[in-house]
Amino acid sequence: EIKQALRDNQISVFFQPKISALTRKVTSVECLARWCHTKYGYISPDNFISVIEQDNDLINDFTRNILRKSVQQLEIWLQQGIDLKISVNISMENLDRFNLPEIYQEVVWNFNVPTDRVILEITEGNLGKGFAQTLDILTRFRLKGFGLSIDDFGTGYSSLQYLKLLPLDQIKIDQSFVRDIATDPNDAAIVQTTIAMTK
C-alpha cells in the first residue's frame with residue numbers, strides 16, 4: 001500500500017512553523033509527511049515510517065519524495081520574498097550510502113534553492129549504529145551547506161562524545177523535557193543545562 005501511495009502521489013507534506021521566542025516571527029518550517037489514505041484519511045508518519053524503514057529502497061524513495069516536495073514549496077516562498085528555511089526529517093536508515101549528500105544536493109539544486117536553506121533532522125535514538133559511516137556522511141552534508149539537527153535530543157544516545165564529534169547546527173530537546181519546564185524545576189534544570197552544554 002505504501003509503495004502504491006508513493007506512485008499515486010498520496011503522500012503530502014504539511015508545514016509546521018518554527019517561531020523565534022525572541023522575535024515572535026516564523027523563521028522556518030518543519031516538513032511533515034502525511035499519507036492521505038483512500039480509506040482512513042490522513043495518517044501520521046508515526047503509523048507508517050517504521051514499516052518503510054524496513055525496506056532500504058523504500059525509505060530512500062520516500063525521503064527523496066518528501067525532500068523534493070518540500071524544496072519545491074520553499075522555492076515558491078523564496079520567490080514571493082518570504083525568508084524561510086525548511087527542516088526535513090531523515091531516517092538513520094537513509095544514511096546507508098556514501099553518495100547521499102550528492103543525491104540530496106541535486107534534488108535541492110533542481111529547484112534553484114541554496115542548500116543552506118535546508119536543515120536535515122536526524123533522530124538521536126539510532127545514532128550509535130555505524131557511527132563512523134554516519135559521521136562521514138553527515139560531515140559531507142555540512143560541507144555541501146546543509147544544516148544538521150538532532151531531533152528528540154535526550155531520549156537516545158546522549159553521549160557527549162557523539163555531540164562533540166557531530167557537525168551539528170542545532171539540537172531539538174525532546175518535548176518530554178520541555179512540556180513542564182514552567183512548573184517542574186527538574187525539567188527546567190535539565191533544559192537549562194542542555195542549552196548551556198550545547199552552547
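**View 1. The hairpin of E1 and E2 has six residues between its strands, and Arg 24 there takes a positive phi near 65°.** This view, like the others, comes from a predicted model. Strand E1 covers residues 11-19 and strand E2 covers residues 26-37. The two strands run antiparallel. Nine bridges join them. Arg 24 sits in the loop between E1 and E2. Its phi is positive although Arg 24 is not a glycine. Is Arg 24 buried or exposed? Arg 24 counts as exposed, because its relative accessibility is 70%.

**View 2. Helix H4 is mostly covered.** H4 spans residues 100-109. Of its ten residues, seven are buried. They are Leu 100, Pro 101, Ile 103, Tyr 104, Gln 105, Val 107 and Val 108. What do the buried residues of H4 pack against? Their partners are the helices H3 and H5 and the strands E4 and E5. The next views take these neighbours in turn.

**View 3. H3 and H4 cross at roughly 35°.** Helix H3 runs over residues 56-79. The axes of H3 and H4 come within 9 Å. H3 passes H4 in a right-handed crossing. H3 brings Asn 60, Thr 63, Arg 64, Leu 67, Arg 68 and Val 71 to the contact. H4 answers with Leu 100, Ile 103, Tyr 104, Val 107 and Val 108. How do the residues of this contact divide? Seven are nonpolar, two are polar and two are charged.

**View 4. H4 also packs with helix H5, at an angle of about 30°.** H5 is made of residues 131-143. The axes of H4 and H5 lie 9 Å apart. The crossing of H4 past H5 is right-handed. Leu 100, Pro 101, Glu 102 and Tyr 104 are the H4 side of the contact. Facing them in H5 are Ile 137, Arg 140 and Phe 141. Five residues of this contact are nonpolar and two are charged. None is polar.

**View 5. Tyr 104 is among the residues with the most contacts inside the largest nonpolar core.** This core has 46 residues. Phe 62 and Phe 141 stand beside Tyr 104 in that list of most contacts. Which helix gives the core its largest share? H3 does, with eight residues. Nonpolar side chains tend to be buried together in soluble globular proteins. Now follow Tyr 104 itself. Leaving out residues up to four places away in sequence, Tyr 104 touches Thr 63, Arg 64, Leu 67, Ile 90, Asn 94, Leu 120, Phe 141 and Phe 146. Among these, Thr 63, Arg 64 and Leu 67 belong to the H3 side of the contact with H4. Phe 141 belongs to the H5 side of its contact with H4.

**View 6. Strands E4 and E5 run parallel.** E4 holds residues 85-90, and E5 holds residues 118-123. Five bridges join the two strands. Ile 90 stands opposite Ile 122 in E5. Why is E5 largely enclosed by the rest of the structure? Five of its six residues are buried, so E5 has the rest of the structure around it.

**View 7. The loop between H4 and E5 holds Asn 112 and Arg 117.** Asn 112 has a positive phi, near 55°, and is not a glycine. Asn 112 is exposed, because its relative accessible area is 66%. Arg 117 counts as partly exposed, because its relative accessibility is 21%; the cut-off for buried is under 20%. Which residues does Arg 117 touch, beyond those up to four places away in sequence? They are Leu 74, Leu 78, Asp 83, Leu 84, Lys 85 and Ile 86. Arg 117 and Ile 86 are 31 residues apart in sequence. Their C-alpha atoms are 6.4 Å apart in space.

**View 8. Gln 175 lies in helix H7.** H7 covers residues 175-178. Gln 175 counts as exposed, because its relative accessibility is 54%. How far apart are Gln 175 and Tyr 40? They are 135 residues apart in sequence and 28 Å apart in space, C-alpha to C-alpha.

Technical notes. Residues numbered from 1 in each chain as written. Predicted model: local features only at pLDDT ≥ 70, side-chain atom pairs only at ≥ 80, totals over all residues. Heavy atoms only, no water. Axes fitted to C-alpha atoms, helices over the stretch in contact; angles between N-to-C directions. Helix = DSSP H or I, 4+ residues; strand = E, 2+ residues; numbered from the N terminus. Left-handed = near helix turned anticlockwise from the far one by under 90°. Contact = heavy atoms within 4.5 Å. Nonpolar A, V, L, I, M, F, W, Y, C, P; charged D, E, K, R; others polar. Core = buried A, V, L, I, M, F, W, Y, C linked by side-chain atoms within 4.5 Å. Buried < 20%, exposed > 50% of the residue type's maximum accessible area, 1.4 Å probe, protein only. Pairing = 2+ DSSP bridges.
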